[in-house]
Amino acid sequence: MVEIAADPTHPRYQSLLMRHRLEEAEKKGMLAGSALIAHGRGEAYDYLLGEQTIPSAMSATEQALAHLLAAQHPVISLNGNAVALAGKELLHLADRLGCPVEINIFYRTPERMDALIEHLSELKDAHSYDVEILGAQPDARIPGLEGPRANCVKRGIFDSDVLLVPLEDGDRCEALMAMGKTVLVIDLNPLSRTAQMASVTMVDELSRVVENMNTLMAADELPEFSNEYNNEHTLQDALDHIKNFLTARN
Ligand code: PTJ
């Protein structure tokens, strides 16, 4: 596995690399018990999308980045899978945007929080990113949610106006929308409640989205958001893409 993941010419290189990153994160105690199940569901949808960024997902990514750039108080929310798959690239994005990241996990335990903070802090120091890592000391709660997953930081997620949340759950997405935030989600499943609820849904693989955002940030012209953007159309386009993919194989 490690050998294949180290060979970029292997046809399944990217997918194996992501699995390898999750295995390493699991060993460090960063992941939820169901993290690999969630990833497997994502992989199934990614297969149906051709393991590529489809044009409507790229438009959604441009729209999402434009919202982050125009925000007063943007925040990137991170969970176990996001840190494992693209921790360094997400810190790079936060550094370029000048915004904090907040570790905000569904299955919250002190051990997982420590492991995630330690991993991100190492990456931050190794690459000299100027990014504040929030989440260790929550001092606010997302209204309308029960249990530890409602915990958040007042000057982070709670006060944010635009929030990038990779792999969010439906309830929390709904609660964040109810707080009046612009919620930008990354979810390979266009049918999920999260995908349906969000302001902007990028139906694409998380590490590809972050790479696309970092590439856009490095370009001369930064994206501007469009009032014409329609999230229902984005989701329908992803479903049409999957339907065409399956029809072509019958
Ligand atoms: O670290 P925690 O405690 O916050 O827990 C994280 C997981 C992901 C385990 C938790 O949020 C969870 O159980 O998520 P769900 O409800 O299974 O939803 C995960 C969604 O993300 C599914 O719709 C998947 O299709 C999608 N998904 C999985 N991997 C990726 C993905 N979307 C984009 N990129 C991926 N790599």
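A pocket, as the word is used here, is an open set of grid points with protein on both sides within 12 Å along at least five of seven lines. In this predicted model, the largest pocket holds about 1000 Å³ of space, and the space taken by the ligand is that largest pocket.

**The ligand and its polar contacts**

- The ligand is surrounded by 22 residues, of which G80, F106, Y107, R112 and E205 are the closest.
- G80 places a backbone N or O atom 2.9 Å from an oxygen atom of the ligand, while a backbone N or O atom of L188 is found 3.2 Å from a nitrogen atom of the ligand.
- E205 takes part through its side chain, where an N or O atom is 2.8 Å from a nitrogen atom of the ligand.
- Taken alone, the ligand exposes 740 Å², and the protein buries 92% of that area.

**The shell around the ligand**

- Two or more residues of the shell come from each of the helices α3 (35-48) and α5 (80-97), and α3 provides the largest share, with five residues.
- Sorted by class, the shell around the ligand contains 10 nonpolar, seven polar and five charged residues.

**The largest pocket**

- With about 1000 Å³ of space in the largest pocket, 43 residues form its lining, and those closest to its centre are A38, H39, G42, N81 and L167.
- At least two lining residues are supplied by each of α2 (13-27), α3, α5, α8 (170-178), α9 (193-197) and α10 (206-218).
- The helix α3, which also gives the largest share of the shell around the ligand, gives the largest share of this lining, namely nine residues.
- The lining of the largest pocket divides into 15 nonpolar, 13 polar and 15 charged residues.

**The second largest pocket**

- By class, the lining of the second largest pocket is made up of seven nonpolar, two polar and five charged residues.
- Both α2 and α5 are also among the elements that supply at least two residues of the lining of the largest pocket.

**The cavity**

- The residues that line the largest cavity are S77, L78, N79, N104, V165, P166, L167, E168 and R172.
- Two strands, β1 (74-78) and β6 (162-166), each supply at least two residues of this lining.
- Four nonpolar, three polar and two charged residues make up the lining of the largest cavity.
- L167 is one of the residues that line the cavity, and L167 is also listed among the residues closest to the centre of the largest pocket.

Methods:
Residues are numbered from 1 along each chain as its sequence is written. This is a predicted model: local features need pLDDT of at least 70, side-chain atom pairs count only at pLDDT 80 or more; totals for chains, interfaces and linings use all residues. Side-chain values use heavy atoms; hydrogens and water are left out. A residue is near a molecule or strand if one of its heavy atoms lies within 4 Å of it. A polar contact is a pair of N or O atoms within 3.5 Å; within protein, one must be able to donate a hydrogen and the other to accept it, and residues adjacent in sequence count only if both atoms are side-chain atoms. Accessible areas come from the Shrake-Rupley method with a 1.4 Å probe; for residues, only the protein chains shown count as cover. On a 1 Å grid over the protein atoms alone, a cavity is a set of points where a 1.4 Å probe fits but cannot get out, and a pocket is an open set with protein on both sides within 12 Å along at least five of seven lines; lining residues have an atom within 4 Å of a point. A molecule sits in a cavity or pocket if more than half of its atoms lie within 2 Å of its grid points. Helices (H or I, at least four residues) and strands (E, at least two) are DSSP runs, numbered from the N terminus. Ala, Val, Leu, Ile, Met, Phe, Trp, Tyr, Cys and Pro count as nonpolar, Asp, Glu, Lys and Arg as charged, and the others, Gly among them, as polar. Grid points are joined across faces, edges and corners, and a volume is the space filled by probe spheres set on the points.
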